[in-house]
Amino acid sequence: MTPAPETPAEGLLEQLASRHSELLVLSDSSLAMKTVARRIRELGEFDMSLVGRLEPGRRLVHRSWQGTTSTALHRLVVPEGVGLGGKSIAQRRPVWVRDYCTSDAITHDFDELVAREGLGAMLAVPMIYDGEVLGAVYVGIRAQASFGDQVIARLEEAAAVASVTLVSSERAKLQTGMALDAERRRMAADLHDSVSPVLFRIGAELRSLRAMDDLDRIRDRLDEVQRQVASVSALLRDSLADLNEQPPERRLAVAIQEDCEAFEERTGLPASFVALADVPELGPGRTEALSSVVREALVNVEKHAQASTVVVSLVVAGGRLTVAVADDGNGWAGGDLDKVGHLGLPLSVRRMERVGGGMSIIGNEDGGTTVRAWVPCVAEGADDV
C-alpha cells in the first residue's frame, strides 16, 4: 500500500516537534548527553553506547547510555587512567580493545560489569573542548571485533560535536542563573533605597529623645517614630507582596519550577524545567490543570519509573501550549489506566478535557516515558473551570 501523502499541517507539526527537541538538547545538559548516546550508537552497527561526564576528582561518571541490557555500567564511576574510558581521558586520545576482558592494554577493574553486559570490543573517545577534557563517549559490540580508522574518525567527530553541545547547554544554564542573580540584585537595591533612609531617620529620632526633658516634645517625637515605623512596615509588606505575586503569564512557569525543585529535594534525582517559549495568559483553570498534570507525572516517576533524570519542557506551537514531562526510566507499557491501578492519571486526563485540552502518555523509543498535556492558547473562556 502506498502511504498517504503528508499534509502541510502534518509537515509543520513535524518541523515544530523537531525544533522543540533540538532546543531542549541545547537547554539541558542531561538531555543533550542522552541524545549524544543515541546518535553515536547510530554511527555504526554498535550494540551499545555510553557517555561519561568528567566530574570533581577527575572521575568519569557514566550518565547516559543506549542499548544496554543491564544496569551494570549505569552511573559507573571511572577514575582517570582506569579501564578503557579512564585511559582515554588520561591520554586524551581514542582507545579501543578487540576483547575487553582479555586485553592487556587496559586495567581490569570493571571486567565483571562488562561481562554482565556481554561486551567484547569497545572504543572510547575523549570529549575535549578548548583543550579541556569534559568526558568520554564509548561504543561497544557484543563480540570480538576491530575498529577501523574511519569508524574512529567518525566517533572523534561526534565527540567534538558533543563537547560543543555540552558547553552550550552549560552556558545557557549559566546565563539563566545570571539573569536571576541580576533580578535579585535589583530587588535588593530597591529595598535598600526605600527602607534604609526611613530606618536611618527612626534611629536619629530615637537618639534625640535622650536629650529631651519635655514630656510633650517626647510624645510628639514618639508619634513621629511610630508613623515612620508604620511607613517601613508598609514598604516591606508591599515589597514582599510584589516578590510573592506573579503576573498571570509567569504563574505556570513558576509553579512547574517549584514542583521540579520539590521533586529533587524528595528524591535526589535531577529534574530540569526548560521553557522554550513565553507563556501566554491562560486563565487560572488551565494553569492549574497543567500544573496538576506535571505534579502527578512527577509523583509517578518517583513511585514507579526508577529513572535517573527528568526533564519538564514547555513549548507553544500550532495555537496551543504543551507541557511535557520526560523521564529515562522503565518506560510505559500502555494499557487501560483505570484497570492497572492508576487513579491520578485518569483524573488528569478528564481534567484536561474539561478545560478544552488533552493529554497523552507514550513510551519513548530509547526507554522512559513522556507525559504531554496541552491547552489552546486563547483567553479564559467558559470551558476554563
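Trainee: Is Asp-223 buried, exposed or partly exposed?

Mentor: Asp-223 counts as partly exposed, because its relative accessibility is 37%. Buried means under 20% relative accessible area, exposed over 50%, and partly exposed in between, with a 1.4 Å probe and protein chains only. Bear in mind that this is a predicted model, where local features need pLDDT of at least 70, side-chain atom pairs count only at pLDDT 80 or more, and totals for chains, interfaces and linings use all residues. Residues are numbered from 1 along each chain as its sequence is written, and side-chain values use heavy atoms, with hydrogens and water left out.

Trainee: Where does Asp-223 lie?

Mentor: In helix H6, residues 215–244. Helices (H or I, at least four residues) and strands (E, at least two) are DSSP runs, numbered from the N terminus.

Trainee: Which residues gather in the patch of negative charge?

Mentor: Asp-213, Asp-214, Asp-220 and Asp-223, on the surface. Patch residues have over 30% relative accessible area and no salt bridge, and like charges are joined within 9 Å. A salt bridge here is a side-chain nitrogen of Lys or Arg within 4 Å of a carboxyl oxygen of Asp or Glu. The place of an Asp charge is taken as CG.

Trainee: Switching to H3. How many of its residues are buried?

Mentor: Seven of nine, so helix H3 (residues 83–91) is mostly covered. The buried ones are Gly-83, Leu-84, Gly-85, Gly-86, Lys-87, Ser-88 and Ile-89.

Trainee: What do they pack against?

Mentor: Strands S1 (48–55), S2 (59–66), S3 (77–79), S4 (95–97), S5 (121–129) and S6 (132–141). Just after H3, Arg-92 takes a positive phi of about 55 degrees.

Trainee: What about phi of Asp-130?

Mentor: Phi of Asp-130 is near 50 degrees, a positive value in a residue other than glycine. Asp-130 sits in the loop between S5 and S6 and is exposed, with a relative accessible area of 75%.

Trainee: And Gln-306, where is that found?

Mentor: In the loop between helix H8 (284–305) and strand S8 (310–317). Gln-306 has a phi near 55 degrees, again positive in a residue other than glycine, and counts as exposed at 68% relative accessibility.

Trainee: Last one. What is Glu-264 in contact with?

Mentor: Leaving aside neighbours within four places in sequence, Glu-264 is in contact with Leu-269, Pro-270 and Ala-271. Contact means heavy atoms within 4.5 Å. Glu-264 is found in helix H7 (residues 248–267) and is partly exposed, at 34% relative accessibility.

Trainee: How far apart are Glu-264 and Glu-302?

Mentor: They are 38 residues apart in sequence and 9.9 Å apart in space, C-alpha to C-alpha.

Notes: Patches are made of residues with over 30% relative accessible area and no salt bridge: like charges are joined within 9 Å, nonpolar side chains (Val, Leu, Ile, Met, Phe, Trp, Tyr) within 5 Å. Accessible areas come from the Shrake-Rupley method with a 1.4 Å probe; for residues, only the protein chains shown count as cover. Lys and Arg count as positive and Asp and Glu as negative; His and the chain ends are not counted.
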